[in-house]
Amino acid sequence: MSKRKTERLLGLVVCLLSTGRYLTAEQVREAVPGYPEQDDLFKRMFERDKEDLRDLGVPLETGLNHPFDDDPGYRIRQQAYELPELRLEADEAAVLGLAARVWQRAELAGAAAGALLKLRAAGIEAGDEPRAARGIEPRLGTPEPAFGPLWEAVRDRRPVTFSYRAAGRSEPQRRELEPWGVVNRHGRWYVAGWDRGRGAIRVFRLGRIAGAVKFCGPAGSVTVPDGADVRELVRDWDSAPARDHTAVLRVRPGTGVGLRQHAVSVTADETEPDRWDLVTTRFADVGSFADYAAWFGPDVVVLDPPDLREAVIRKLKGVLT
Amino acid sequence: MSALVTSTERLQRLLALVPYVVSRKVVGLAETAAAFGVSERELVDDLNLLWCVELRAPDPYCPIDLSYEGGEIVVSQAESIARPLRLAVDEASALLVALRMLAEVPGLEDRSALSRLLAKLEDAAGEAASVSSQVAVQVDMPSGDGPDGLAAQLGAALSAGRRVHLRYYVPGRDEATERDVDPMRLLVVDGRPYLEGWCLRAEGVRTFRLDRVLQLTVLDQASSPPPEATPVDVDQGLFRPSPDDVHVELELSAEGRWVAEYYPCESVSDLPDGRLRVMLRTPDTGWVRRLALRLGEDCRVLSPPALVSEVHQSAAAALANYVV
């Protein structure tokens, strides 16, 4: 950290806020102490300072005072700079405190703290843990390393490229994506957008992105189509298929609790003396229901349909090979 | 001052410090230092820096005037930086996304406060709020979230301070357990709701996934968790390893890789052909045995040896059921 740079940037902000008219780079150099004499050094430093201020969210404007002016000028409009007046009731401040804790250890934790600091500077104190002891405590994590760069890409409307390992694939593939948004569903993060390689809308799970996410185009070059609802895209991608098949299972008494919970019917199996139950239930597809039935091991036997029965037998043999 | 603080980060603090004092008229050094997370010395450095700002043109002047005599800060001249800078896109998004997530959580008492706050912040953030709609979090709520639903019942029990009776499913043991619980908090971690409470059966603080609660009854007794019932530190994660845990080592095929995404693993290493070797710790290996059956040829249990033979016996017993 350089104290001189902080002083110079602060002077620059105050100077450009106080001026009603656009100031040229030369006028800025005269007004703000700390810029070097040499023109090329000054130019470079001034460029970097402008960039730093914009990164902080300072609305730096460029324009001409007069249409015939040669050099562009700079200013910060007070109204664009200031946080608007804001008053919170006590109950609203309590909820603000709760919301600020959501990201705690996650990617946007710093941003949440920054927001809180600005609100505090405006005289607003977030409630501190009024309900934490007895009430609700929400948390969101972003363990996927891809979250940070993808959030930036969505924010700045930049296309990205990454390598992605689709479910069940042994080798990752290179993808180029115009990201429209990130969504957390069932505790996992997804990104939805336009897959340039496939020429179609695609959804990706962040946890399956292998390696780094790289920007592959300038900021502002991605257009999110009107009406694109990223939430809905991810929901459709991830939604459970309809359960339109019926299975009949033999289930040992006192077991298969999860199965019985969603059963269509449970009756005693009269054909055998062992007092097992016959459970009829609905399922979506053979593969995933065979997985589920195998979970119960020797407590569940699939009677029907035959392809489900075969799938479970194959699975169990797979364990033994 | 921390060497990690950059010039722009310090600028950010200075731009917040001035309005912080202005909006409070007079404020103590110690209190302010605490609010900004700096030492009093660092704060005094900041104040001196602000006081020294000088602009030269057209005539030299000092735009900021302040004093901190007797430990009390007063800003008498702040000119154009008397108000804080607007919320940046990241800042607005962090709060708005969190609030919209909270809005989906049933059992939240302050729903009206939440929507009022949301409207005020959206308004204050202006354009910076627009990107936040491209980040969404869906909260998984157990089925039946009507007025008689589980979450509503639980909310009522929490606010009335009543004990509840749970029929709770433990898939790893394929068991429905019955227990009385004194509710402490509703945790919503990564979109999934949990009840945290003092379990009278286990005599300890436990967290229960709401989607595994088969039945919940609000009892007449008052909820009275004992003094030793300390809330879980959610920031350390809900599942913490214990010294009694068993180490389990699995080898997964490409089809079985999802296991590493779904269960917290201690280590994960890539093998050829998209296969994975994972190490996990668990107090109870019952669920790993079931998981191995479920995965079939996509999973090999490498250790511990006892579990390897359990898996084999269980698969053999299950297969025997199919021999007619």
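Trainee: How far apart do the C-alpha centres of domain 3 of chain B and domain 4 of chain B lie?
Mentor: This is a predicted model, in which local features need pLDDT of at least 70, side-chain atom pairs count only at pLDDT 80 or more, and totals for chains, interfaces and linings use all residues. Residues are numbered from 1 along each chain as its sequence is written, while chains are lettered from A and ligands numbered from 1 in the order in which they are written. Chain B has domain 3 at 150–236 and domain 4 at 246–320, with bounds from an automatic or database domain assignment. The C-alpha centres of these two domains of chain B are apart by 30 Å.

Trainee: In chain A, what distance separates the centres of domain 1 and domain 4?
Mentor: Chain A is divided into domain 1 (3–81), domain 2 (86–141), domain 3 (147–238) and domain 4 (245–320). Taken over C-alpha atoms, the centres of domain 1 and domain 4 of chain A are separated by 73 Å.

Trainee: What radius of gyration does chain A have?
Mentor: Along the principal axes, the C-alpha atoms of chain A fill a box of roughly 100 × 50 × 35 Å. The radius of gyration is taken over C-alpha atoms, and the globule rule is 2.2 Å times the number of residues to the power 0.38. For a compact globule of 321 residues the radius would be near 20 Å, but for chain A it is 30 Å.

Trainee: What percentage of the residues of chain A count as buried?
Mentor: A residue is buried if 20 or more other C-beta atoms, placed from the backbone, lie within 10 Å of its own. Of the 321 residues of chain A, the share that counts as buried is 38%.

Trainee: Which helix gives the largest share of the side of chain A that touches chain B?
Mentor: Two residues are in contact if their C-beta atoms, placed from the backbone, lie within 7 Å. The contact between the chains takes 103 residues from chain A and 99 residues from chain B. Helices are DSSP runs of H or I with at least four residues, strands are runs of E with at least two, and both are numbered from the N terminus. The largest share on the chain A side, 12 residues, comes from residues 3–18, helix α1 of chain A.

Trainee: What is the bridge partner of A:T62 in β3(A)?
Mentor: Strand β3 (residues 73–76) of chain A is covered on both faces, with A:G73 and A:R75 buried on one side and A:Y74 and A:I76 buried on the other. Strand β1 (residues 23–24) of chain A pairs antiparallel with β3(A) over two bridges, and A:T24 has A:G73 as its bridge partner. Strand β2 (residues 60–63) of chain A also pairs antiparallel with β3(A), over four bridges. The bridge partner of A:T62 in β3(A) is A:Y74.

Notes:
A residue is buried if 20 or more other C-beta atoms lie within 10 Å of its own, exposed if 12 or fewer, and partly exposed in between; C-beta atoms are placed from the backbone. Two strands pair if DSSP finds at least two bridges between them.
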